[in-house]
Amino acid sequence: MKKTLSTVLAATLVLGCAATSAGCKAKEKIVRDDVTINVRLYEAGFGFDFLYELEDKFEALYEEEGYKVNILKSPSFSGDTVIRELYKGYDDSGIDLYVTGAITPNRVSEANEYDKELCEDLRETVFNQPAIEYDGTESSPVSERVHSDIVPYLCADNGKMYGFIWADTTAGMVVNTAKLAKCGITEYPRTTNELFEAFDAIKAADNGIYPVTYDLGKGEGRASTYQDCAVATWFAQYDIDSYNEFLRMQEKKDGVWTEMEDGWKVFENENLKDVLEVSYQFMDKKYALPGSSSQVLSQAQDAIMENKGAVFMLNGDWFLNEVKYNYNDEDFEDIDFINVPVISALGVKLFGEGTAYNLNEEACDDLLSYLCKLIDENKSLEEIIALVKSEKSMDIASEDVEAVATARGVCFARGIEHLAVITKGSEKKHLAALFLRMMASDSYAETFMRTANGISPYASSITTESNFQFVNSAKALTLNQHYRAVNSRIQGTRFKVFSSDYMFPAIDNLALHLYDKAPSTSYESAANKLYNDSLDAVKDLWNDYK
């Protein structure tokens, strides 16, 4: 049941005051001394409690040295705001450390619009140093605690590591399990074919519950990027290397990203047609909760929480934190989080006609789903091969199992957008580095899960289970041995060719485009048109660049 207005207002006041032993302790003034780190926290969906608790632990550990932390909150989440403050310089701002979610490493390198380096390189001071636990012991190096897929997103094109990721937030699908069961569905969809079968079953149940609800970015912020996350995930499921080339317009030679002679050809990828076809089907109006086209994000999220509404929504593991103050804890008992289903066309590619398996399309999807189930259970490749042999009487090649494991392990990591940076020239950069090293500890991972319902990217061993299944499911995705992080952040040569971070040229709101351009004939024809239009536009952009 949704909370009353008075309850929501009270919860909002608690959130603003960070309901910890510290109370409303954020100071409003810069402290200019030799022992205090000034930290600017730009408000996101995680609240403030996690940073206040870390402040307390840091100050307790370094009590003899007298080190202090001064946290300043900012309601703005604009990258431009952060960049302007950094450009003014340390002497002007007095801020040693920014904990934000709206800047990229290239924007703080000398390749930015100011031709000026704005932040400190963290590779030697943080990344290559041990994490610091709350009791002062040093554990494994930070570099060994973060997934290798994440590292490129922390670095600018000049090779310097300016960013420190502080939240491992994953985009996927929120699902209301009670409503799913009311429609006679007992298992989560693991492939896109199963997803659309579930959509059809929910529609056929005709009980006032709809398959899916959307936020098309018409209201609060540009949240339509949730659809971008799904498109990126489906594309990366085919081949992460090709997907990264798509983002960079570069190819890897001897481990180094190098400009391509014809960079526009990264769009010339047949897999992209399958991805767009699935995307159009997902955004078909026939599946959507009425009013989805005009609602804002909070209304779409409420549609998942309420008794009727919808079963599925593209969102992320921050969903719970964004809505929890409007609902009671028991309202989340039926709310779970799953990864984006694997694109069924991959199963046909691996196991269909003309392959060694020569399966029909239905059998391909059954096998793909079965493999995904084993991967979700965190089975090793060897275990999966043995189970396929014993339970399916089928010999399956290890490279095919690995291809599915990689695809199922792909998660769109929005946490890559949540970076902390140390201001260039900070007089207390060595203290800020100690603070970040503590933020990379297992001790902090426990704090972040408990206070922010979030997962730390350095969480090698979280022993505590959350009270929310939603959070535990999100944690399981990132701790799975097959986990692979991807993002749609533009990098490399494409950063120079495109004047925006749009996935497709001139489409600033992909979800709205897919929704408004619902195919009158077939998903395939609509996908082909968008593919060809994009290819032509990219050729023009490349020619202008060259």
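A: Let's start in helix 11, residues 240-248, where Y243 and F246 both sit, 3 residues apart, or about one turn of the helix. An α-helix has 3.6 residues a turn, so residues three or four places apart point the same way. Keep in mind that this is a predicted model. The ring centres of Y243 and F246 are 6.3 Å apart and the planes make an angle of 25 degrees, so this pair is stacked. Y243 is buried, at 0% relative accessibility, and F246 is buried too, at 1%.

F58 counts as buried because its relative accessibility is 0%, under the 20% cut-off. F435 is buried as well, with a relative accessible area of 0%.

Leaving out residues up to four places away in sequence, F282 touches M173, L195, F196, F199, V212, Y214, Q227, W234 and L314.

The largest one has 166 residues, and the members that touch the most others are F50, F164, W166, F267, F282, F312 and F351. Helix 10 supplies the largest share of this core, 9 residues. Apart from it lies another core, of 14 residues, including Y42, I103, V108 and V421. As background, nonpolar side chains in soluble globular proteins tend to be buried together.

F351 from that list also takes us to helix 15, residues 344-351, where S344, L346, G347, L350 and F351 are buried. Looking down the axis of helix 15, you'd find its buried residues within an arc of 150 degrees, so they line one face of the helix. What do the buried residues of helix 15 pack against? Their partners are helix 9 (192-205), helix 10 (225-238), helix 16 (361-376) and helix 18 (398-409).

Some rings have a charge for a neighbour instead. K392 lies over the face of Y370, 4.7 Å from the ring centre. Over at F498, the charged end of R494 sits above the ring, 4.3 Å from its centre.

You'll find H418 in the loop between strand 13 (410-413) and strand 14 (419-422). H418 counts as buried, at 11% relative accessibility, and a polar atom of its side chain lies 3.3 Å from the backbone oxygen of R414.

Methods:
Residues are numbered from 1 along each chain as its sequence is written. This is a predicted model: local features need pLDDT of at least 70, side-chain atom pairs count only at pLDDT 80 or more; totals for chains, interfaces and linings use all residues. Side-chain values use heavy atoms; hydrogens and water are left out. Buried means under 20% relative accessible area, exposed over 50%, partly exposed in between (1.4 Å probe, protein chains only). Helices (H or I, at least four residues) and strands (E, at least two) are DSSP runs, numbered from the N terminus. The arc is that of the directions from the helix axis to the C-beta atoms. Contact means heavy atoms within 4.5 Å. Rings of Phe, Tyr and Trp (its six-membered ring) pair if their centres lie within 6.5 Å; planes under 30 degrees apart count as stacked, over 60 as edge-to-face and the rest as tilted. A charge sits over a ring if NZ of Lys or CZ of Arg is within 6 Å of the ring centre and within 35 degrees of the ring normal. A nonpolar core is a set of buried Ala, Val, Leu, Ile, Met, Phe, Trp, Tyr and Cys residues joined through side-chain atoms within 4.5 Å. A polar contact is a pair of N or O atoms within 3.5 Å; within protein, one must be able to donate a hydrogen and the other to accept it, and residues adjacent in sequence count only if both atoms are side-chain atoms.
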